[in-house]
Amino acid sequence: MQSQRKIIHVDMDAFYASVEQLDNPGLRGKPIAVGGGHRGVVAAASYEARKFGVRSAMPSKTAKEKCPHLIFVRPRFQRYKEISSKIRNIFHDYTDLVEPLSLDEAYLDVTENKKGIESANDIAKEIRKRIFEETGLTASAGISVNKFLAKVASDINKPNGQKTIHPTKINEFLENLPIEKFYGVGKVTANRMHTLHIFKGADLKAKSLDELEKLFGKSGRYYYNVVRGIHNGEVKPNRIQKSVAVERTFWDDINEDEQIDEKLKSLSLELEERLGRREIQGKTLTLKIKYKDFSLYTRSKTQELYFENSEKFYKTAKQLWELRPFDKAIRLLGLSLSNLNTEEKKQVSVQLKIPFEEFDND
């Protein structure tokens, strides 16, 4: 029988905002938002700002209404990348099975680790201690037998804490977990589940696979499995990203030009922020529209040069919007970027590894 894996999910606490407060002591203890500014969206919010309901991807105007004394700070991605690199070096002291999700979070498979430490809980404590000593920042961690459980666990004792979901406690933990805490269940899906009297994992578990697939389509099988602690995704250190996407499902369908325009701007800014975190660029932009009747429409534009910023995303998204075939109410809008530079980076690294093996760590 195959032994259970030991997976850690490390998530930096309010990473961008914490870096700004670290570098500028005058911002410590104050509500700050990274990004935003006039007509922008919040890329990250400090914990002081979160107490007022400010969160990432929120329009600046809304954030300012919730927290009138909010301080906006321009993002410095180069600085975030510099600190992220130090953190990843710490991870690699323990295992080479590191799968970064962005600059501020990663999965680690420590089933077999370089230090020979038996307890994954102890490894997580040591990693968090080192991150604080070497960067001055705090991190939270989740520890369990798969990526899904580790990801959910890392959010339980934030900030600057950790949570282990022991194999013997998985069923009890998931059955009592509020449905909105399940990774992969967004606000709209959670609201829909509430209307179906699904409030906790136990309620979800009571539904058959057939019922869930009828209610949620392909996602039904995912919900059926994860509420039973089944998630077989491996930690993939060399995962090559093929696309980056952002989308919004609307609780109330929209069809006003002003509403659409605002959503496209917000999605463009959020897409730019996600790309900045990952050092990714792309040449193909796709607009996704899901109508009130659930019919789906996508349209793409490819250009020779990489898209540069949110302004370019927005301008192209507007052009694609004008090409839509129907004027019906919209329940979902999305933007995705593909034809990425990740494949080029992979090819370059492969070419370098063969003749120059001594430089693999660069």
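Two strands count as paired if DSSP finds at least two bridges between them, and helices (H or I, at least four residues) and strands (E, at least two) are DSSP runs numbered from the N terminus. The model is a predicted one, in which local features need pLDDT of at least 70 and side-chain atom pairs count only at pLDDT 80 or more, while totals for chains, interfaces and linings use all residues. Residues are numbered from 1 along each chain as its sequence is written, and side-chain values use heavy atoms, with hydrogens and water left out.

E1 and E7 belong to an open sheet of 5 strands with mixed pairing, in the order E5-E6-E1-E7-E8. Strand E5 (98–102) and strand E8 (162–164) sit at the edges, each pairing on one side only. Neighbouring strands are turned by 15° against each other on average, direction ignored; axes here are lines fitted to C-alpha atoms, for helices over the stretch in contact, and angles run from 0 to 180 degrees between N-to-C directions. Helix H5 (residues 120–135) packs on this sheet, touching E1, strand E6 (105–109), E7 and E8, and its direction makes about 165° with that of E7. Helix H6 (residues 147–154) also packs on the sheet, at about 145° to E7, and touches E1, E5, E6, E7 and E8. Contact means heavy atoms within 4.5 Å.

Next comes the core. A nonpolar core is a set of buried Ala, Val, Leu, Ile, Met, Phe, Trp, Tyr and Cys residues joined through side-chain atoms within 4.5 Å, where buried means under 20% relative accessible area, exposed over 50% and partly exposed in between (1.4 Å probe, protein chains only). The largest such core has 34 residues, and those touching the most other members are Ile-8, Phe-15, Tyr-16, Phe-91, Leu-108, Ile-127 and Ile-131. Elements giving two or more residues to this core include helix H1 (15–23) and helix H4 (77–92). A second, separate core of 26 residues includes Leu-287 and Tyr-291.

The axes of H1 and H4 come within 10 Å and cross at roughly 100°, so these helices are roughly perpendicular (65 to 115 degrees; under 35 is roughly parallel, over 145 roughly antiparallel and the rest oblique). On the H1 side, the contact residues include Phe-15 and Tyr-16, and on the H4 side Tyr-80 and Ile-83.
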